[in-house]
Amino acid sequence: MLGPAKAMKPFAVASSSRAPVIAIFLTFALISATTIALSVSATKASQHRTSVIQVAARQRTLAERYLAEILLVREGKQANPAYTARALTASATSLLEGGTVPGVNGDDDETSLPPADGHVLRAQFAQEQRLVADLTSTGQAVLLHRPTANLPQTAHEHVSQLEPVMRVRVLAALTSSNAFRAAQEIGRVDEANLNNLLKSQVLLGVGGLLVTLLLAAGLLATARRKSAHFRSLALSASDLVIVLGARGCRYVSRSVAAMVGRSDSDLYGEGLARFVHDEDRPVFEAVQATGAPSQFSFRMLSSAGEWRHLDAHATDLRADRNLRGVVLHARDTTDRVQLEQQLTAQLQRDGFASRLGEALEMADEEREVANVVERAAIEISEQTPMELLLSDSSRANLARVASNPGTEAPGCPVKSPFSCVAVRRGTAVVFDSSESLNACPQLRGRTSGSCSAVCVPVSFMGRALGVLHTTGPEGEPLSGKTVSQLTMLAAQAGARIGTVRAFEKTQLQASTDGLTGLGNRRTAEKRLRELIKSGRLFAVVLADLDRFKQLNDTNGHEAGDRALRLFSQTVTQALRDNDLVARWGGEEFVMVLPELDRFQAIEVLDRVRRDLAVAHPGETPRFTASFGVSDSGQAESLEELLHIADGGLYAAKKAGRDRATVGDCESAAQAKKEEAARLMDSAEATPLPESPGDQNGIPTVRHARASMHEAAYEEDPPPSGVQIR
Amino acid sequence: MDWTVVNALRALAAFWAAGLLGALAVGCDDSARGPRPTASIVPVAEGDFHITAPSSVRAGGYTFRVHNEGPTHHEFIIVGTRTGVLPLRPDGLTVDEESIERLEPGSLVPGAPGAVRNLTVLLKPGRYILFCNMEGHFMAGMHAELVVA
């Protein structure tokens with residue numbers, strides 16, 4: 001039968017091993033106490049009985065002496081039977097009831113007796129008392145020569161027939177015999193009691209011995225088992241236990257030897273201290289000598305040449321007889337220490353990374369990004385020469401945009417991103433020495449002499465933007481930590497530069513006409529509103545390419561596009577820097593000429609027309625343009641100004657094209673009237689002629705209106721002077 | 001508690017139990033022993049100082065069951081006599097047992113008060129005297145006559 005599993009409780013050893021010890025002591029105490037009590041009580045009883053036996057035996061002598069004294073007195077001799085009679089009576093009373101027995105002349109001393117115990121003995125002593133009484137009364141009668149026949153026979157003796165002296169003799173014999181038998185009986189009982197006492201003491205002794213042996217055996221077995229438990233525990237524990245005595249190491253647990261990879265014998269004595277780190281040896285020796293401090297850390301050199309970090313707890317047991325040393329309980333914290341170091345580095349890096357990220361987020365332009373990179377460079381390493389080389393939008397040329405302000409820039413002579421090995425590889429490259437065989441050729445021949453270098457590519461969405469380049473002393477490249485910081489800087493800066501560039505490009509596209517590269521209508525309106533608001537003088541010109549629809553139809557859209565681009569270039573070149581030309585829509589353009597009135601504008605436009613006429617059109621057919629002009633002196637609102645210029649354009653078209661005409665209110669009204677009529681007719685008759693829409697392909701009202709001027713002109717036969725090829 | 005301790009205590013209990021049973025067995029022993037009476041029983045009462053017994057029996061084997069009623073020790077001696085008078089020793093106090101030894105079918109040494117003892121004898125027809133010959137007992141009246149027919 002299997003009982004419930006027994007829990008191994010090695011540390012409960014104290015309480016469970018104490019139990020058998022206590023049981024042994026209790027058994028001993030019980031047996032000893034019982035034996036002693038038995039002996040004491042038996043001895044005491046025996047002493048009492050001895051006194052009783054003495055007194056009882058004396059009765060025999062006294063009875064015989066009494067008889068002899070009576071006879072002597074009858075012979076006329078000197079004797080004192082009355083004294084003996086008193087002694088007999090007192091003794092008989094004391095034998096029965098206890099008390100003091102008087103001594104007899106020349107015989108015993110005074111004796112004290114206990115009362116007789118047991119009804120047999122008491123009956124016997126009572127009979128003795130009666131016999132003594134009869135004896136003394138008969139004796140007295142004989143001495144006084146009185147008749148004895150009628151004396152009482154209290155002891156049921158039948159002696160009335162005997163003559164007086166014989167009666168005294170018989171009674172003395174009865175008294176004597178009775179006392180003697182009683183003494184004999186007491187002695188017999190005493191002997192039996194002593195035998196019993198002896199037997200029980202022997203039994204107790206043997207029993208106690210057996211029990212003690214059993215308990216001791218149990219105790220030994222338990223102790224052995226516990227010690228086996230502890231041995232197993234101590235051997236299997238991973239805790240490192242070291243005992244330091246006055247003359248060095250006295251004990252190392254198996255785990256210590258395993259950790260440092262050395263044998264026990266290497267570590268005993270002064271051996272252990274040899275493997276302790278020099279910096280830790282003073283505290284180690286202090287612990288060995290004084291047991292303090294109780295908590296400390298030290299390092300030990302393992303056989304693999306590695307420093308093991310140990311956290312130790314010292315317990316001063318030099319006063320303990322069993323140990324006589326300082327006990328170190330140590331834990332191997334090497335892994336933890338290494339992890340802590342890694343985490344600390346990681347934390348520093350993360351902190352730097354997040355601050356860098358925030359700084360870059362606030363940089364809206366490439367210039368600001370470069371500025372952040374410079375400040376980050378100082379934080380990474382103040383003394384390390386560093387520069388950021390970025391390609392321009394063509395991605396063909398590299399130029400330095402940032403450098404560590406604290407030092408001279410390394411000055412990498414690389415020209416193109418794809419000449420840079422770091423950019424080509426797309427990963428950070430570390431060069432130990434500019435002189436080694438596999439060093440980057442760009443590092444050689446620098447004025448600062450030979451050096452080490454770290455180059456980290458800067459890219460965005462897989463597109464190379466440039467390189468982050470640092471140099472250091474020959475043969476001493478930057479640490480892994482610094483390289484990882486530079487890599488992080490390059491990655492974040494690249495992401496930001498890419499974002500800024502994409503943003504700038506989007507901004508540009510929104511305000512630019514894709515075909516001609518000029519500003520669009522929004523750009524022009526914005527500029528006009530600014531000028532109106534400033535109250536400064538300016539001229540507005542609306543331009544329209546003549547017979548553009550015809551040109552498109554005859555020569556194709558590509559020719560039309562080329563014409564539009566040629567016109568744009570010509571106008572742009574002819575105008576001043578602060579003039580604006582923008583595509584209004586279709587083949588119509590708007591020009592804003594600050595600080596000119598409408599007449600001065602006509603002069604400018606004449607020059608434009610001349611330039612256009614001599615411009616080399618390439619495959620593009622020659623074409624002309626018409627211009628309508630207004631100025632800020634003519635109206636105050638943007639719509640009005642444009643309306644007047646539109647009137648000028650209408651007039652120019654009507655007057656035969658290829659000219660510039662100043663608009664006025666009349667021509668504007670005329671143009672409006674014509675337009676309304678045309679709009680109505682053409683809406684009834686034919687759909688609107690096909691024309692290029694604006695950038696989004698949606699015809700605007702302005703566009704439709706402009707095209708209608710042209711439609712109106714188309715009705716007239718083309719002037720003979722205009723050649724359309 | 002640990003098994004060794006339990007075992008030890010168990011052994012201790014067994015030891016005491018065995019001791020107790022042993023003691024009881026010893027105590028019972030006396031009552032189981034004793035001679036079995038093979039003849040007719042003659043009850044005899046002894047006391048201070050008398051012997052009470054039947055005055056006549058038929059010849060044959062008898063077991064005298066002698067009860068000492070006390071309070072003192074008493075002997076029991078049976079002796080044949082022709083005259084009915086027993087010779088005394090020179091002290092004049094006790095019967096001269098040596099001279100009548102051959103006439104004694106049997107005797108019991110002094111017994112403690114309360115004791116009951118058996119004496120089995122083969123009685124031939126004749127006169128017998130039952131008596132106690134302790135100092136003065138015979139003289140104090142401890143004798144009785146038995147006639148065996």
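A:His156 lies in the loop between α3 (119–143) and α4 of chain A. Helices (H or I, at least four residues) and strands (E, at least two) are DSSP runs, numbered from the N terminus. Phi of A:His156 is near 65°, a positive value in a residue other than glycine.

The model is predicted: local features need pLDDT of at least 70, side-chain atom pairs count only at pLDDT 80 or more, and totals for chains, interfaces and linings use all residues. Residues are numbered from 1 along each chain as its sequence is written, chains are lettered from A and ligands numbered from 1 in the order in which they are written, and side-chain values use heavy atoms, with hydrogens and water left out.

Chain A contains 19 helices and 17 strands. Of its 725 residues, 42% count as buried. Buried means under 20% relative accessible area, exposed over 50%, and partly exposed in between (1.4 Å probe, protein chains only). Among the contacts in chain A with a separation of 6 or more, 60% come from residues 24 or more positions apart. Contact means heavy atoms within 4.5 Å.

The largest nonpolar core has 58 residues. Such a core is a set of buried Ala, Val, Leu, Ile, Met, Phe, Trp, Tyr and Cys residues joined through side-chain atoms within 4.5 Å. A:Val170, B:Phe64, B:Leu123 and B:Leu146 have the most contacts inside the largest core. Helix α4 (residues 164–236) of chain A gives the most to this core, with 8 residues. A second, separate core has 31 residues, including A:Leu551, A:Ala574, A:Ala615 and A:Phe623. Neighbours within four places in sequence aside, B:Leu146 touches several residues of chain B, among them B:Pro54, B:Val57, B:Phe64, B:Ile78, B:Leu123 and B:Tyr128.

Chain B holds an open sheet of 5 strands in the order β3-β9-β8-β5-β6, with mixed pairing. Strands of a sheet pair through backbone hydrogen bonds, either parallel or antiparallel. Two strands count as paired if DSSP finds at least two bridges between them. The edge strands are β3 (56–57) and β6 (106–111) of chain B, each pairing on one side only. β3(B) pairs with strand β9 (residues 143–148) of chain B in the parallel sense, over 2 bridges. Within that pair, B:Ser56 has B:Val147 of β9(B) as its bridge partner. Elsewhere in chain B, a cis peptide bond joins B:Asp48 and B:Phe49, with omega about -5°. B:Phe49 sits in the loop between β1 (40–47) and β2 (50–52) of chain B.

In chain A, strand β15 (residues 588–594) is mostly covered, with 7 of its 7 residues buried. A:Glu588, A:Val590, A:Val592 and A:Pro594 point one way from β15(A), while A:Phe589, A:Met591 and A:Leu593 point the other way. Strand β13 (residues 538–545) of chain A runs antiparallel to β15(A), joined by 7 bridges. There, A:Ala543 has A:Phe589 as its bridge partner. Strand β14 (residues 580–585) of chain A is also antiparallel to β15(A), through 5 bridges. A:Val581 stands opposite A:Met591 in β15(A). The hairpin of β14(A) and β15(A) has 2 residues between the strands, and A:Gly586 takes a positive phi near 55° there.

A:Arg547 belongs to the loop between β13 and α14 (548–555) of chain A. Its phi is near 45°, a positive value in a residue other than glycine. A:Arg547 is buried, with a relative accessible area of 2%.

Another strand of chain A, β7 (residues 325–332), takes part in two antiparallel pairings: 5 bridges join it to strand β3 (residues 240–245) of chain A, and 8 bridges join it to strand β6 (residues 307–317) of chain A. A:Ile242 has A:Leu328 of β7(A) as its bridge partner. A:Leu317 stands opposite A:Gly325 in β7(A).

Turning to the helices, A:Thr84 is found in helix α2 (residues 81–97) of chain A. A:Thr84 is buried, with a relative accessible area of 0%. Apart from neighbours within four places in sequence, A:Thr84 is in contact with A:Leu62, A:Arg65, A:Tyr66 and A:Glu69.
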